[in-house]
Every structure is written in C-alpha cells, then in structure tokens.
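Please read these points with the model open beside them. They are meant for someone meeting the structure for the first time.

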Amino acid sequence: MGKISILWADDEIDLLKPHLLYLQEKGFDVKTVTNGNDAVDEFTKGKDSFDIVFLDENMPGISGLETLGKIKNINQRIPIVMITKSEEESIMNDAIGSKISDYLIKPVNPGQILLAIKKNIDKNRLISEKTTSGYQQDFRNIGMQLGENLNSKQWEEVYKKLIYWELELESSGDDSMKEVFQMQKAEANSLFARFIEKNYLSWLQSKAVDAPAMSHTLMRNKILPLVEKESVPTFMLLIDNLRFDQWKVLQPVIEELFKVDKEESYYAILPTCTQYARNAIFAGLMPSEIEKMHPGLWMNDEDEGGKNLHEADFLEGNLKRLGKSNIKFSYNKITNFADGKKLSENIHQLAGNKLNVIVYNFVDMLSHARTEMEVIRELASDDAAYRSITLSWFQHSPLHDILKQIAAAKAKLIITTDHGTIKVTEATKVIGDKNTNTNLRYKSGKSLTYQAKDVFAVKNPAEAFLPRQHVSSVFVFVKGDKFFAYPNNYNYYVNYYKDTFQHGGISLEEMIIPFVALSPK
C-alpha cells in the first residue's frame with residue numbers, strides 16, 4: 001500500500017502540531033486547512049489523492065456537518081472522521097445520519113487518530129491478513145482431519161468448516177488463497193465420494209445404527225418432534241436446492257426477524273434431485289417404498305408428467321402411518337412471484353394449522369436458468385456470485401414478506417431443503433439407450449457404459465431402495481464436480497454445460513444440506 005494521504009480541517013490546527021508530527025513520523029501525508037470552505041476546495045482539487053478526512057465539527061464559516069455533506073457529494077466512499085468538543089446527542093445523530101465513518105471527542109490523542117486511520121483505511125488489509133493467516137493455520141488441521149476415517153457427523157463438521165473459510169476468504173477480498181482453498185475443497189469432495197460409496201447402502205438398512213438423518217427420516221425424527229412440542233403453529237419452509245453456504249448468506253437477513261434455536265444439517269438421499277429427495281421427505285419413505293405404497297402417485301424417470309405433484313398426499317399418508325393424523329396441516333407450493341405474493345397476503349388464514357408446509361422453488365429455478373440463459377450465466381458466474389444473486393433475490397422476494405408475516409404471527413419456523421447443487425467443471429463419458437434419463441449428475445437405465453472411476457454404481461437398485469424399471473436397470477451417480485456427457489456432439493455438450501450448477505450426484509454441496517429451527521424475535 002502507498003502512502004496514506006489525510007485531509008485535516010480544524011480552526012485550531014496550530015494546537016495539533018504534535019499530532020501532525022506523530023502522523024508524519026508514521027509515514028502519513030497530512031494536508032491541513034482551517035475552515036470548511038478550504039476543506040471543500042482542497043478535496044475538490046485532490047479528491048482522488050485523499051484517503052481519509054478529519055473534520056472539526058465547529059469551525060468558522062460553514063460547519064463541519066455542512067462540510068461533510070459537500071465532501072460526500074463529491075465522493076460518497078471517502079471515510080470521514082468527525083471531531084468535536086460537544087457530546088450533544090443531536091450533533092452525534094446528525095453526523096451518524098450523514099454517514100460519518102468515525103466520531104472522536106476532543107481532546108484527542110495521537111493514538112486515537114492512528115486507530116481511526118487503521119479502522120477505516122487499513123481495516124480491509126488487516127482483516128485480509130488475519131483471515132489468510134487463520135485459514136493457513138486451519139488448512140493443516142482440515143488436511144489432517146481429511147486423512148482420518150471420518151464418520152457422517154464429522155463430515156458435516158468438515159464441510160461447515162470449509163464453508164466458513166470460503167465465506168471468510170471471500171469477504172476479506174484477498175484472492176491469494178483462493179486456488180489453495182479450491183484444491184482443498186476438491187480433495188474433500190473426492191474423499192467424501194469414497195466415504196459415501198463405502199457407507200451409503202449400509203445406512204439404508206433398517207438396523208443401521210450409524211446412519212445420519214436423511215431425507216426419508218427427516219419428517220419423523222426432526223420435523224414432527226418440533227411441531228408436536230409447540231403450542232403455536234410451525235411453518236416448514238423448504239427452499240428447493242438450497243445449499244448450506246446459501247443458507248449462511250441468507251441467515252443475517254432472516255435473523256432480523258427470527259432467532260436461530262438450532263442449526264443442523266442432514267443428508268439428502270441419492271439421487272440428489274427433487275423427484276427422489278423431496279418425495280422421500282414428505283412420504284417418509286425411500287423411492288421404491290413410495291412406488292410400492294403409492295403405485296398410482298409415484299412417477300419414474302421414463303414416465304411422462306410431473307414428478308412432484310403429490311407431496312401433500314405423501315405427507316398425509318406419512319402422518320397416518322405414524323399415528324399423527326390429528327396434526328392439521330396445510331401445503332403450499334410457490335413457483336412464481338404471483339403465488340408468493342398471494343401467500344404473503346394470506347398467512348393469517350393458516351394460523352389454525354399445527355403445521356404449514358411451504359415449498360419455494362426459486363433457487364432451483366435459478367440453477368436451471370443459469371444453464372439456459374446467458375444473462376444468468378454472467379450474473380452467477382461462480383459460487384460467490386451464485387450466493388450473491390440468491391441473497392439479492394431473497395431480499396426483494398415475496399418469500400421475505402412471507403417470513404415477516406410468520407414472525408408477526410409469532411409462529412415457529414423451520415428452514416430446510418431437499419438437496420443442494422454443485423458447479424460442474426469436467427465431463428465424463430456415458431453411453432445409454434434412448435430411455436436413459438437426461439440428468440447430468442446421475443443416470444438410470446439399462447446397458448449403461450461409463451467411466452467406473454468417476455461414478456458410484458448401484459447395479460441392484462433395490463439395495464438403494466430405488467425403483468427398477470427393467471431387469472437390467474442400474475443407477476450411476478457421478479462424483480465430485482464432474483458431469484455426464486454423451487460421445488455424440490461431445491465438445492458442444494461439454495462447452496454448453498461446463499461451469500453450470502447441477503444436482504443429482506455425490507458431493508458435499510449436494511448431500512449435506514441445512515436444517516434450521518427458528519423462533520420469532
């Protein structure tokens with residue numbers, strides 16, 4: 001960083017010579033003036049050269065507050081520190097309302113001035129250095145953890161730690177560790193895929209004691225116990241395709257309305273896509289069990305028609321099997337702005353229900369739109385931008401209004417999802433017949449040819465409680481950030497889908513997803 005340049009306006013500047021000498025000895029350039037008009041003139045001439053402005057609140061001619069306004073009109077982003085003899089609240093309020101960066105009461109000492117400079121100029125550099133140093137230390141710890149034989153809970157902890165550092169490094173603005181972090185995350189995903197391949201099928205056995213909470217056990221083990229213990233209504237908000245990192249960027253906005261009682265995660269079943277995972281949540285059953293128990297409602301990959309049209313029916317059947325038919329519930333699925341607006345205006349009508357389910361589809365639509373629309377590709381070019389656009393959408397969406405209404409009604413809130421998504425970067429070849437499904441992260445069909453090292457293959461779908469459409473049907477789930485591509489038109493296919501967000505396969509982002517219980521403030 002070059003020399004920091006300071007503009008200091010004070011009608012008693014001669015009394016501040018010790019301060020000025022101290023700053024000059026520290027390597028700062030200081031330009032002094034004795035009134036507001038000269039301050040504005042100097043700033044106008046050198047607006048691009050000054051890094052920070054110190055303003056005396058009470059000077060002859062135009063006041064410090066007026067000077068502040070004129071300088072801010074020239075450059076909104078310049079940090080301005082107000083210095084005053086008065087502790088009068090109205091003056092402080094006016095200064096803070098005018099977006100000062102700091103406020104000092106006379107007499108000030110050189111240490112206070114230096115601290116104000118560091119807080120407002122050096123802050124980003126100091127934060128960046130501390131963040132980078134913190135991650136460098138934890139990098140080794142995470143690496144050692146990855147080398148251990150982790151269980152499902154420990155994998156959740158590792159993933160949350162990676163998200164923490166990803167968001168910290170992003171907010172610090174320092175890209176120097178970006179490549180190192182991405183390499184560690186890729187290593188984690190590679191090892192996680194091996195872990196899933198080794199343990200997933202055993203989790204699904206009825207006597208498995210080490211199975212984590214999963215899609216088909218979520219309602220029974222996590223949601224209904226919370227609903228039953230409350231005397232007020234509970235709203236279950238399922239935001240389709242919400243990753244844990246997206247929840248973390250939404251959290252500060254949501255915490256303006258709610259306090260977090262419990263922040264946990266659970267595992268989405270395979271395939272990590274809506275048709276399988278979300279139906280499993282509401283039915284409390286694995287897909288092959290749904291097909292058997294609700295033969296008229298389950299739709300396979302090859303079947304024509306909507307695959308998620310009967311979630312309310314599945315939930316009703318689930319409650320009945322669990323002996324909880326007394327739980328009165330509502331179900332609303334929001335797929336467009338108008339539906340969201342209508343629900344936000346009618347939340348009060350749901351107050352008589354013990355459980356109110358809201359499925360909100362925006363994030364899933366964003367993921368698909370990013371693949372299909374060039375403008376969305378540019379807006380959500382990477383994970384950071386994908387998070388940013390999710391936050392921007394939420395802040396201006398009917399969903400934000402819905403949460404305000406739920407908070408006003410003093411109801412409880414559960415926020416969760418059915419699966420996450422991952423940015424895919426590398427293709428792996430697959431060959432299948434015309435009935436093979438189109439998902440880029442998993443394939444289901446007969447006579448599939450694929451790169452064995454890139455997939456978790458389930459040759460007997462019954463073992464994974466998945467429907468078997470043909471005697472020779474298999475399921476293959478791609479690992480890490482790869483995606484399936486057919487040999488015909490291979491280069492076009494790869495270029496079109498590379499760097500898009502997809503789901504259905506095995507990754508930390510797709511499988512370890514948020515479950516958050518909240519209370520209104």
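1. Basis. This is a predicted model, in which local features need pLDDT of at least 70 and side-chain atom pairs count only at pLDDT 80 or more, while totals for chains, interfaces and linings use all residues. Residues are numbered from 1 along each chain as its sequence is written, and side-chain values use heavy atoms, with hydrogens and water left out. Helices (H or I, at least four residues) and strands (E, at least two) are DSSP runs, numbered from the N terminus.

2. Helix 2. In helix 2 (residues 36-45), Gly-36, Ala-39, Val-40, Glu-42 and Phe-43 are buried (under 20% relative accessible area, with exposed being over 50% and partly exposed in between; 1.4 Å probe, protein chains only). Down the axis of helix 2 these residues fall within an arc of 165°, so they line one face; the arc is that of the directions from the helix axis to the C-beta atoms. Their cover includes strand 1 (5-9), strand 2 (29-33), strand 3 (52-56) and helix 3 (64-74), where contact means heavy atoms within 4.5 Å.

3. Helix 13. Which residues of helix 13 (residues 337-345) are buried? They are Gly-340, Leu-343 and Ser-344. Seen down the axis of helix 13, they fall within an arc of 100°, so they line one face of the helix. Ala-338, Lys-342 and Glu-345 are exposed on the other side of helix 13. Strand 8 (329-334), strand 9 (355-360) and helix 17 are among the elements that cover the buried residues of helix 13. The N-terminal cap of helix 13 is Asn-336, which has a side-chain oxygen 3.2 Å from the backbone nitrogen of Ala-338.

4. Asn-356. This residue is found in strand 9. Asn-356 counts as buried because its relative accessibility is 0%. Leaving out residues up to four places away in sequence, Asn-356 touches Pro-233, Thr-234, Phe-235, Met-236, Ser-330 and Leu-350.

5. Helices 16 and 17. Helix 16 (residues 383-395) packs against helix 17 (residues 398-408) at an angle of about 55°, with the axes 5 Å apart. That makes helix 16 oblique to helix 17. Trp-393, Phe-394 and Gln-395 of helix 16 meet Leu-399, His-400 and Leu-403 of helix 17.

How values were computed: Axes fitted to C-alpha atoms, helices over the stretch in contact; angles between N-to-C directions. Parallel < 35°, antiparallel > 145°, perpendicular 65-115°, else oblique. Polar contact = N/O pair within 3.5 Å; in protein donor to acceptor, adjacent residues only side chain to side chain.
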